[in-house]
Amino acid sequence: MTIGIVGAGQLGRMMALAGYPLGLDFLFLDKDAGTCAAQLSPQLTGAFEDPKLLDQLAKRCEVVTIDWENVPVASMERIARTTPVAPPLAALAAAQDRLSEKSLFHSLGIPTNDHQAVDSREDLLRAVQAIGLPGVLKTRRMGYDGKGQAVLRKASDVESAWASLGSQPLIYEAFVPFDYEVSIIGVRSTRGEIALYPLNRNLHRDGILRLTRAPWHAPVVEAAARRYMRKLLAHFSYVGVLTVEFFVRRGKLVANEMAPRVHNSGHWTIEGAVTSQFENHVRAVLGLPLGDTSVTGHSAMLNLIGEMPTREGLLSDGRLHLHDYGKSPRPGRKLGHVTLLETTARRRDQRAATLLRKIDARKL
Ligand code: AMP
């Protein structure tokens, strides 16, 4: 049985790594050759819009999913004419546009920050007037890892933000002075079975996820996050893994964005949960019974960004799990991650802080 995956990055690679033990095969489609998924699975190489490649993928696979949420919806629509696809196209479309995403959250009673669509310099001035400063101007589409964003702190930032981003549909939103950030990961199978992972606490630097700790003990926040996740899964009759990221302020959640796919803040589940998010995504899209999402300890996951520490240095801690995605280094690029597991949250937090300091000081 073959699962098709559009996009062949590390997420796809980890799906394949989770699916091979179940006896599954994978076929990727990506515009670049030499992707990190192609190091282990066959890949069709060409444009995401190429009808011939899309038809080939559809023909050769039982089901087709994604590893990148900006895959053109029209491409997935074409595949869906003959082959089941996951996530649902409506979820993919909503997640690709920050404005539709926020409207969706609003319609489901999921709190978001104040925001307005910005299509002209006048719109931006109006939005800044209405929402105030500080605020964040973001591209509505194709933003990731903090790209396509500008924080506006004072009136004079308006012009420079407009000059750098102004040529595309934008959204201006209130800056949230959050206490911390969390995410929740849920999964729903084609049979309607649902499973949720515990709450993740996330630390970002320069808009890129740096550290996730899970399970994060915040029962009230977690209960709200679970409720919102269930609403979204039900709304779309969702299939696969879905992730929602929130800001937490004074114990209340503000939804920032959703990702209709496996997520970086869930990488710890490979070692830290009975069944990983990657395996559960694969199970969900095939209609197999979902695996147990219980944790096996207290996990911390650190991203390795821009530059790889030495393998020897990382592995000298015999209890650290290293995932090297096999990508060439580039500033700001996610090259791999490490996960550590501890018996208590306190020990985990201490060990994670030490490791983070060592990596930052290039002592590994
Ligand atoms: P995003 O691409 O929207 O996930 O943004 C990346 C990161 O930038 C978030 O995880 C936050 O750390 C920060 N950020 C984005 N939007 C806001 C906001 N409105 N208020 C405060 N911080 C933000």
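A: The account below treats the sheet, then its helices, and ends with one glycine. The model is a predicted one.

The sheet is open and consists of 4 strands, arranged in the order β5-β8-β6-β7 with antiparallel pairing. At its edges stand β5 (115-118) and β7 (149-152); each has a single partner strand, so one side of each is left without a neighbour in the sheet. From one strand to the next, the twist averages 20°.

Strand β6 (residues 135-139) and strand β8 (residues 170-174) run antiparallel and are joined by 5 bridges. Within this pairing, Val136 is placed opposite Glu173 in β8. Helix α5 (residues 98-107) packs on the sheet, where α5 touches β5, β6, β7 and β8. The direction of α5 makes about 50° with that of β8.

A further helix, α7 (residues 157-165), lies across β5, β6, β7 and β8. Its direction is given relative to β7, to which α7 runs at about 175°.

Turning to the glycine, Gly19 belongs to helix α1 (residues 10-19). Its relative accessible area is 0%, and because buried means under 20%, Gly19 counts as buried. With neighbours within four places in sequence left aside, Gly19 is in contact with Leu24 and Phe26. Gly19 and Asn280 are 261 residues apart in sequence, while their C-alpha atoms are 9.4 Å apart in space.

Technical notes. Residues numbered from 1 in each chain as written. Predicted model: local features only at pLDDT ≥ 70, side-chain atom pairs only at ≥ 80, totals over all residues. Heavy atoms only, no water. Pairing = 2+ DSSP bridges. Helix = DSSP H or I, 4+ residues; strand = E, 2+ residues; numbered from the N terminus. Axes fitted to C-alpha atoms, helices over the stretch in contact; angles between N-to-C directions. Contact = heavy atoms within 4.5 Å. Buried < 20%, exposed > 50% of the residue type's maximum accessible area, 1.4 Å probe, protein only.
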